[in-house]
Amino acid sequence: MKICARFFLGLSGLILLGASGIAQAETMLRVGLSSDPDQLDPATSRSYTGRFVFNALCDRLVDIDAHLDIVPGLATQWSWSADNKALTLRLRQGVVFHDGEKFDAAAVKYNIERDLTLPGSTRKSEISSVSSVEVVDPYTVVLHLKNPDAALLSQLTDRAGAMLAPGATAKGNVAAHPVCSGPYQFDSRVQQDRIVLTKFNQYWNPKPYHFDRVVFLPVPDASVRLANLRAGDLDLIDWVSASDVGTVTSDSHLTLAKPTPLGYMSVVFNIGNGQNKPTSPLAADARVRQAFSWGIDRQALNQVVFAGQYTPANQPFTDASPYHVPLPIPSRDVAKAKALLASAGVTSPLHVTMVVPNEPVAQQVAQVIQSMEAEAGFDVSLQMTEHATLLSRLSSGDFQLALSSWSGRPDPDGDIYSFISSHGALNDGRYSNEQVDKWLLAARQINNQDQRKALYTNVVRQLQIDMPVAYLYFEPRIFAISAKVKGFVPYPDALLRLADVTLSQ
């Protein structure tokens with residue numbers, strides 16, 4: 001009954017769209033989102049689904065391609081100073097915002113400074129290395145940095161690089177009516193029901209964009225979202241559950257798209273966090289943490305919980321990343337796990353407690369690990385905890401083991417520095433290795449990809465020895481698409497890009 005009720009709720013939104021006067025001849029793409037986006041202001045937005053809307057609404061200074069390489073956006077060229085403390089951007093000419101205001105270097109300065117100073121800005125930390133913005137000429141701008149920041153350009157591929165029209169933005173009410181320069185402009189929004197964008201006729205690159213309107217409809221229930229798609233009331237949906245993949249692939253009217261994911265799930269070991277330093281052998285001896293990792297069959301975990309749809313992991317860098325380290329996923333080795341425990345002087349079973357998010361899938365993952373570890377010499381107790389409480393316990397050190405996830409970032413620094421460096425804000429286990437810190441800092445301060453990859457390879461290999469984190473799998477955001485939709489390309493950041501997407505009638 002719950003599914004039916006939500007299904008008809010979704011339909012009602014579409015009926016309302018028809019009643020609002022959308023002509024039959026217009027082309028319209030209907031996108032089912034897993035949640036309603038929060039504020040439509042790139043500076044304060046926090047939601048994943050909000051990024052779907054921004055991708056259609058707001059051009060960014062730079063973008064990524066399907067291989068995570070940075071490609072031109074509103075900035076057509078960029079260069080670093082010799083000391084890597086100044087980033088010069090050459091801007092695209094002939095671009096106007098949706099209200100007709102011209103895009104130029106002054107607009108970039110306005111947006112970057114707004115992100116840095118706006119109360120409540122969630123972009124501030126992403127570009128905190130910027131000390132000042134210099135307008136060199138109408139189409140050249142220089143970002144001066146407090147310190148080298150190799151991840152800065154990557155930050156500008158997302159909301160920190162989204163450009164709002166300064167004049168309209170200065171009047172306020174941005175979140176309710178954002179004015180950008182993207183291929184589609186804001187039309188209307190009904191909270192929890194729909195966001196409507198219309199084609200921007202003065203867009204600088206109109207040919208790849210084929211819809212008169214794009215409508216985003218939040219349908220939180222995954223089953224209802226899929227039912228709406230199968231009924232023809234949606235054209236594309238995000239976050240198909242692994243259990244529904246078979247339904248999608250067996251339906252000739254649908255196609256499945258599974259981007260190579262950036263985000264990962266891991267087990268974090270508390271090595272030194274908390275008022276009372278952890279005394280467990282897990283904290284004191286890396287061999288015990290290695291034993292725990294050898295006790296996990298990552299392939300079996302993927303098959304049992306995710307029907308083989310996910311990708312086993314042994315590092316934070318997905319194989320879509322140029323920084324991926326080609327280390328084979330370890331096979332489960334119970335004998336090796338027991339030998340490591342014995343060499344560490346541990347009498348098995350070793351009793352340990354793992355904190356787990358109070359979510360069905362996470363619980364299932366934890367229970368599979370619990371069962372595997374029982375054979376490897378560990379007696380794992382599970383503590384199911386509400387997500388916000390789990391985050392608080394991670395920060396305070398109130399845990400021994402914890403199941404912890406990360407959504408992933410295009411630049412490797414965002415996937416490892418905060419979690420592994422001795423002073424990282426998200427280093428919940430308080431792992432500390434002076435050499436690893438040096439490698440991480442060096443990788444942050446140089447821009448040469450080969451040199452950075454060599455440094456990150458050193459780090460990943462050292463983590464196999466120190467084992468502060470046992471990486472489990474990369475989590476894809478799976479799309480289901482009507483067979484009428486052509487040209488959709490899944491990207492590793494799992495965002496919707498509408499260039500060259502068409503819809504047959």
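**The six-stranded sheet**

Begin by selecting the open sheet of six strands, whose order is β14-β18-β13-β17-β15-β16 with mixed pairing. β14 (311–312) and β16 (378–385) stand at its edges with a single partner strand each, so one side of each has no neighbour in the sheet. Two strands are taken to pair if DSSP finds at least two bridges between them. Helices (H or I, at least four residues) and strands (E, at least two) are DSSP runs, numbered from the N terminus. The model is a predicted one, in which local features need pLDDT of at least 70 and side-chain atom pairs count only at pLDDT 80 or more, while totals for chains, interfaces and linings use all residues. Residues are numbered from 1 along each chain as its sequence is written, and side-chain values use heavy atoms, with hydrogens and water left out.

Next, select β15 (350–357) and β17 (401–406). These strands run parallel and are joined by two bridges; M354 stands opposite L401 in β17.

Axes here are lines fitted to C-alpha atoms, for helices over the stretch in contact, and angles run from 0 to 180 degrees between N-to-C directions.

**Helix α9 and its two partners**

Two packed helices are described by the angle between their axes and the distance between the axes. Select α9 (residues 286–294) together with α16 (residues 449–466): they pack at an angle of about 95 degrees, with their axes 7 Å apart. α9 is therefore roughly perpendicular to α16 (a term for angles of 65 to 115 degrees). Show the side chains of A286, R289 and Q290 in α9, which meet Q464, I465 and D466 in α16; contact means heavy atoms within 4.5 Å.

What is the angle between α9 and α11? They pack at about 165 degrees, with their axes 8 Å apart, which means that α9 is roughly antiparallel to α11 (over 145 degrees). In this contact, R287, V288, Q290, A291 and W294 in α9 meet K336, A337, L340, L341 and S343 in α11.

**Backbone features in the loops**

Most residues other than glycine have a negative phi, and most peptide bonds are trans. Select S348 and P349, which are joined by a cis peptide bond with omega about 0 degrees.

Move to M467, in the loop between α16 and β18 (469–474). Its phi is near 50 degrees, a positive value in a residue other than glycine. M467 counts as buried because its relative accessibility is 7% (buried means under 20% relative accessible area and exposed over 50%, with partly exposed in between; 1.4 Å probe, protein chains only).

Then find Q192 in the loop between β8 (184–190) and β9 (194–199). The phi of Q192 is also positive, near 65 degrees, but at 57% relative accessibility Q192 counts as exposed.

**Last stop: D59**

Select D59, in the loop between α2 (48–57) and β2 (62–64). Is D59 buried or exposed? At 10% relative accessibility, D59 counts as buried. Its C-alpha atom is separated by 6.9 Å from that of G73, 14 residues apart along the chain. Leaving aside neighbours within four places in sequence, the contacts of D59 include L74, G161, M163, P183 and W204.

Terms used:
Parallel < 35°, antiparallel > 145°, perpendicular 65-115°, else oblique.
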